[in-house]
Amino acid sequence: VPTRLLIATKPPASRSRVRIARGALDALGRTVRGATGARRVALVTDRTVAALHGARAMRSLRGVGLSVEPIVVPAGERSKQPRRLEALWEAFGRAGLDRRDAVVALGGGVVGDLAGFAAATWLRGVPWIGVPTSLIAQVDSGIGGKTGVDLASGKNLVGAFHPPAAVLVDPDLLATLPDRHRRAGLAEVVKTGMAVDAALFRWLERHAGALAAGRGSALTQVVARTLRAKARVVRADEREREGGGRTALNYGHTLGHAIEAARGYRGILHGEAVAIGMRAAGRLSVEVAGLSASSLERQDALLDGFGLPRRMPGTPIGRLMAAMAHDKKRSRGEIRWVLTPRVGHASVPHPVDSRLVRATLREFGAQV
Ligand SMILES: NC(=O)c1ccc[n+]([C@@H]2O[C@H](COP(=O)([O-])OP(=O)(O)OC[C@H]3O[C@@H](n4cnc5c(N)ncnc54)[C@H](O)[C@@H]3O)[C@@H](O)[C@H]2O)c1
Ligand SMILES: [Zn+2]
């Protein structure tokens, strides 16, 4: 069943029209036409997604008379770098992309964040259309307008709020997503439940088996439910004000981002790092925010059921602490954690005593 969600907030320029429908990829050309006045589009994608779904996207775009400039980057987090961004800008320049044209991001969170930021900065901002193809992108990164790239010193340190003009979510595309990436996406779904939506969390507990097995109908439903939960939060706090509701969605990310940076964005997926981050944030929530031990067990049982990692052996504590200190959630010299006193109700970031943080990191396998 096609669903339309309007994440409508002021000012009007920040509205994204989000459409979830099976087979929606074939409506890409019409969507670009409807949402922008583009005559030409830069189609940014990664090698893996290009091989699987690129031809269909091209056909749909050309079918409505658009001229298409395909730009393909290597798959994976290491493409979310300033160096790639520069390559994109140069490609836009060679293609003669002008203010009336548009960028299309076809891919996972990496492609969306990178191409969205390229669109935010090209000629001081051209419209973009998102076609999220991974589970993380369909439930989380594809909506909300955060774009950006990673630095060696920290994740997402350079970026902009630049909401896409339209987002096309086609859950059927998840059929080709490898198991490990589906599981990583489920981490972000558990996060949404723990942080802002207790009903979603209970739904996950009931359907964990089907989701772990990758059953299509369960995935389609989880995409719609999680996306709605995120849209609700974003609508209320579009720019992530200090203390606003959107900060809750960073649950698990203070440490998750630090793990990714400490490991040089290699070997561990974003969702896997966030899973460890949630286990640690859950533990700290029990220690200092009043989360019940049984709620923590429920969280960890879901993560276990999705085959998500429990520990981060060999990750140096010093590097984690340094990366967390760079994290944007840091303020007034303290590392702040999003904690949750009960399921579905993460709170504004807490300062946590650094001795307790270090002890917790050691418990999760980090090394002095
Ligand atoms: N902007 C935001 O609000 C936001 C929110 C959450 C996460 N993120 C970011 O998203 C990134 C992680 O996203 P991701 O996991 O999608 O990473 P990704 O873009 O690297 O995609 C994961 C892998 O899946 C492959 N893939 C994607 N769709 C596929 C499909 N349909 N079939 C087969 N293979 C497919 C990709 O080629 C890639 O190898 C991180 O950088 C994270 O920081 C951003
Ligand atoms: Zn995330």
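1. Along the chain, the donors of the zinc ion (ligand 2) follow the spacing E-x64-H-x16-H, where donors are N, O and S atoms within 2.8 Å of the metal (3.2 Å for Na, K and Ca), and water is not among the atoms, so sites may look incomplete. Glu188 lies in helix α6 and His253 in helix α9 (residues 253-262), so the pair ties together parts that are 65 residues apart in sequence; helices (H or I, at least four residues) and strands (E, at least two) are DSSP runs, numbered from the N terminus.

2. This is a predicted model, in which local features need pLDDT of at least 70 and side-chain atom pairs count only at pLDDT 80 or more, while totals for chains, interfaces and linings use all residues. Residues are numbered from 1 along each chain as its sequence is written, chains are lettered from A and ligands numbered from 1 in the order in which they are written, and side-chain values use heavy atoms, with hydrogens and water left out.

3. The zinc ion (ligand 2) is coordinated by Glu188 (OE), Glu188 (OE), His253 (NE2) and His270 (NE2), at 2.1 to 2.7 Å.

4. Ligand 1 is surrounded by 29 residues, the closest being Asp46, Gly109, Thr133, Ser134 and Thr176 (a residue is near a molecule if one of its heavy atoms lies within 4 Å of it). A polar side-chain atom of Ser134 lies 2.5 Å from an oxygen atom of ligand 1, and a backbone N or O atom of Leu173 lies 3.0 Å from a nitrogen atom of ligand 1. To the shell around ligand 1, α2 gives the most, with 4 residues.

5. β7 and β8 form a hairpin with 2 residues between them, and Val149 stands opposite Val158 in β8.

How values were computed:
Two strands pair if DSSP finds at least two bridges between them. A polar contact is a pair of N or O atoms within 3.5 Å; within protein, one must be able to donate a hydrogen and the other to accept it, and residues adjacent in sequence count only if both atoms are side-chain atoms.
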